[in-house]
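Work through the exercises below with the sequence and the 3D structure at hand. Each task is followed by a solution in steps.

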Amino acid sequence: MAALPIQIDRTSPVPLYHQLAEQLTAAVTDGVLRPGDPFENEIAMSDRLSLSRPTVRRAISELVNKGLLVRRRGIGTTVANQMVHRKAELTSLYDDLEREGRTPRTEVLSLNCAAHDDRAAEALGLPPGTPLVAIVRLRYAGDLPLAIMRNWLPPAMDDLTQEQLTTEGLYAVLRARGIRPTVARQRIGARNASAEERRTLHMSKAEPLVTMTRSAYDADGSAVEFGDHCYRADQYSVEVIVSDR
């Protein structure tokens with residue numbers, strides 16, 4: 001296992017553990033370290049970089065908490081074996097694919113600025129019958145169709161265009177308008193694909209879908225989007241890091 005080139009600036013006001021964590025994170029997200037690769041142990045890294053073990057341990061723990069590294073008893077620390085790395089912070093699939101170097105591409109299947117969906121209205125904290133912005137997109141990873149993404153937005157977003165949704169991720173579009181999702185409630189599940197979903201995602205009848213519903217909120221607690229997505233299970237997984245500490 002080759003040692004990663006790490007530069008620590010001891011004159012910087014940035015904490016040493018954070019400098020180290022940022023460079024280690026970049027090594028994983030940029031593909032220098034691949035899923036399943038062994039990770040340099042805490043003692044060796046501490047000695048090599050002349051950093052204290054608590055400093056190195058804190059930096060490595062940040063990557064574990066982000067889901068980028070996994071600690072396994074008897075094996076040591078390895079890069080998480082995920083198809084799409086999911087960081088702890090709230091991100092969109094577009095961001096995750098871009099970070100993984102998988103070239104996200106979006107096809108907007110429909111955009112309805114006066115849709116009615118009572119389940120989505122309730123999730124957005126709006127009265128039944130409120131006209132919503134309803135979007136259906138097909139997200140590719142390179143040339144591979146990966147996910148069908150259905151989203152509903154409040155009526156104030158009724159000037160969205162297909163061009164915006166094609167060239168950027170939804171959260172980037174929201175952030176450009178000063179809307180920043182900061183917390184979300186998600187539910188992950190699985191189900192069989194419909195005939196239409198199988199055709200769209202190029203799946204066989206036996207292949208299942210991973211599903212996710214998400215209600216996202218801004219810092220004031222106002223709902224900003226409701227999503228109901230389905231993913232090819234052979235290309236997408238959710239890994240949760242748990243600890244007894």
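The model is predicted, so local features need pLDDT of at least 70 and side-chain atom pairs count only at pLDDT 80 or more, while totals for chains, interfaces and linings use all residues. Residues are numbered from 1 along each chain as its sequence is written, and side-chain values use heavy atoms, without hydrogens and water.

**Exercise 1.** Find the order of the strands in the open sheet of 6 strands, and state which strands stand at the edges.

Solution. Strands are DSSP runs (E, at least two residues), numbered from the N terminus. Two of them pair if DSSP finds at least two bridges between them. The order is β3-β4-β5-β8-β7-β6, with antiparallel pairing. β3 (104–115) and β6 (183–192) each have a single partner strand, so one side of each lacks a neighbour in the sheet.

**Exercise 2.** Describe how β7 is joined to β6 and to β8.

Solution. Start with β6: 10 bridges join this strand to β7 (residues 208–217), and the two run antiparallel. In this pairing R191 stands opposite L209, and V183 stands opposite Y217. Next take β8 (residues 223–232), which is joined to β7 by 9 bridges, again antiparallel. Last, look at the hairpin of β7 and β8: 5 residues lie between the strands, and G221 takes a positive phi near 90°.

**Exercise 3.** How many residues of β7 are buried?

Solution. Apply the cut-offs: buried means under 20% relative accessible area, exposed over 50%, partly exposed in between (1.4 Å probe, protein chains only). By this count 8 of the 10 residues of β7 are buried, and the strand is mostly covered.

How values were computed. Helix = DSSP H or I, 4+ residues; strand = E, 2+ residues; numbered from the N terminus.
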